[in-house]
Amino acid sequence: MHHLVEQMKQKDIRALARAITMVENDHPDKLDMLSDVFASQKNARYIGITGSPGAGKSSLVNRLISHIRNEDKTVAVIAVDPTSPFSGGALLGDRVRMNEHFTDNGVYIRSMATRGSLGGLACATKDAVRICDAYGFDVVIVETVGVGQSELDIMKIVDTTALVLTPNSGDVLQIFKAGIMEIADLFVINKADLDGVGKLKGLLKELVMMTSKEAQKTPIVKTITTENKGIDTLWEKINEHYDYLYRTEEGRKRRKQQQELEVYELIREEIWREVKTYAENERLTIKADDDPYKQAQAIYQQWKQERGRLNDA
Ligand SMILES: Nc1nc2c(ncn2[C@@H]2O[C@H](COP(=O)(O)OP(=O)(O)OP(=O)(O)O)[C@@H](O)[C@H]2O)c(=O)[nH]1
Ligand SMILES: [Mg+2]
């Protein structure tokens, strides 16, 4: 067994941190470690909290942590930070940090960024979630800003996705367009102390009816995190959804689909690595101004021929 996984079994939190750093940096030895992580997974429930910047995701997670701890369960939080050099910082002056749980051993909070790997952030996040599961946390929460494809991919990892919206933000339409609506298992109207809650709720109900028959049941929960209101209901709805998933075949089906995709993604990554190494060794240069389709085909075909030649030899 990989030494980090061995150490995690002894509840060594630094081993957990190191394991996550390995996937974050796309370390060449990560696959062996991850196999052992996979085999050591317990039965954590995975929850995703997504929504626009500043919607109150971290505030909610903060409150949820307290709630979960009161039930004597342990919880890990992976805060995915897609902060780009362009938007970084400017938007985020007012953001809430989850520092208050810093000294609690039953809580682990980690933010993630990545470089390197092809699958990128979504892939690394999935691995980090599994690592937290293998360590033995009862609940793993993923916080991510819900805007692009990679966030959608991240949300496919979790059992239950809560989409956080705020009144009068215009979020709904934007998120509806981005296809995030379909992956939400429950809606949270946070900042319910502000005006426009009724209007947002009406709009949400309409959108839900339009998108799917089944989703009519998609719960809408109102929260005011600053006053600790609605958190108990939110946790209850999350649990109800989890129960539904595993009472029916839905949960198993979701994880199976996810795992199938994952196998192909791992293959893709493996091939990508090989072709890239080959191209670099052969000093094949990529010309930014030339047709990318033709260049990709040319390099791929050349690599394939080279492999064929090596196999024949
Ligand atoms: N009025 C009101 N303000 C809230 C509520 N919840 C959060 N806020 C405030 O909204 C701001 C952003 O909260 P965060 O929890 O950092 O939001 P976030 O979605 O995690 O933000 P990012 O991680 O930066 O995308 C903070 O100033 C919070 O105090 C609420 O229920 N009502
Ligand atoms: Mg946040």
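Predicted model: local features only at pLDDT ≥ 70, side-chain atom pairs only at ≥ 80, totals over all residues.
Residues are numbered from 1 along each chain as its sequence is written.

**Exercise 1.** Work out the order of the strands in the open sheet, and find which are the edge strands.

*Step 1.* Start with the terms: strands (E, at least two residues) and helices (H or I, at least four) are DSSP runs, numbered from the N terminus. Two strands pair if DSSP finds at least two bridges between them.

*Step 2.* Read across the 7 strands: the order is E3-E2-E4-E1-E5-E6-E7, with parallel pairing.

*Step 3.* Strand E3 (107-112) and strand E7 (220-222) each pair on one side only, so to speak the edges of the sheet.

*Step 4.* Look at E7 again: 3 bridges join it to E6 (residues 186-189). Valine 188 stands opposite valine 221 in E7.

**Exercise 2.** How do helix H2 and helix H5 pack, and which residues make the contact?

*Step 1.* Find H2 at residues 13-24 and H5 at residues 120-135.

*Step 2.* Their axes (lines fitted to C-alpha atoms over the stretch in contact) are 9 Å apart, at an angle of about 160°.

*Step 3.* H2 and H5 are therefore roughly antiparallel, a term for angles over 145 degrees, taken from 0 to 180 between N-to-C directions.

*Step 4.* Contact means heavy atoms within 4.5 Å. Among the residues involved are Leu16 and Ile20 of H2, and Ala128 and Ile131 of H5.

Notes:
Chains lettered and ligands numbered in written order. Heavy atoms only, no water. Parallel < 35°, antiparallel > 145°, perpendicular 65-115°, else oblique.
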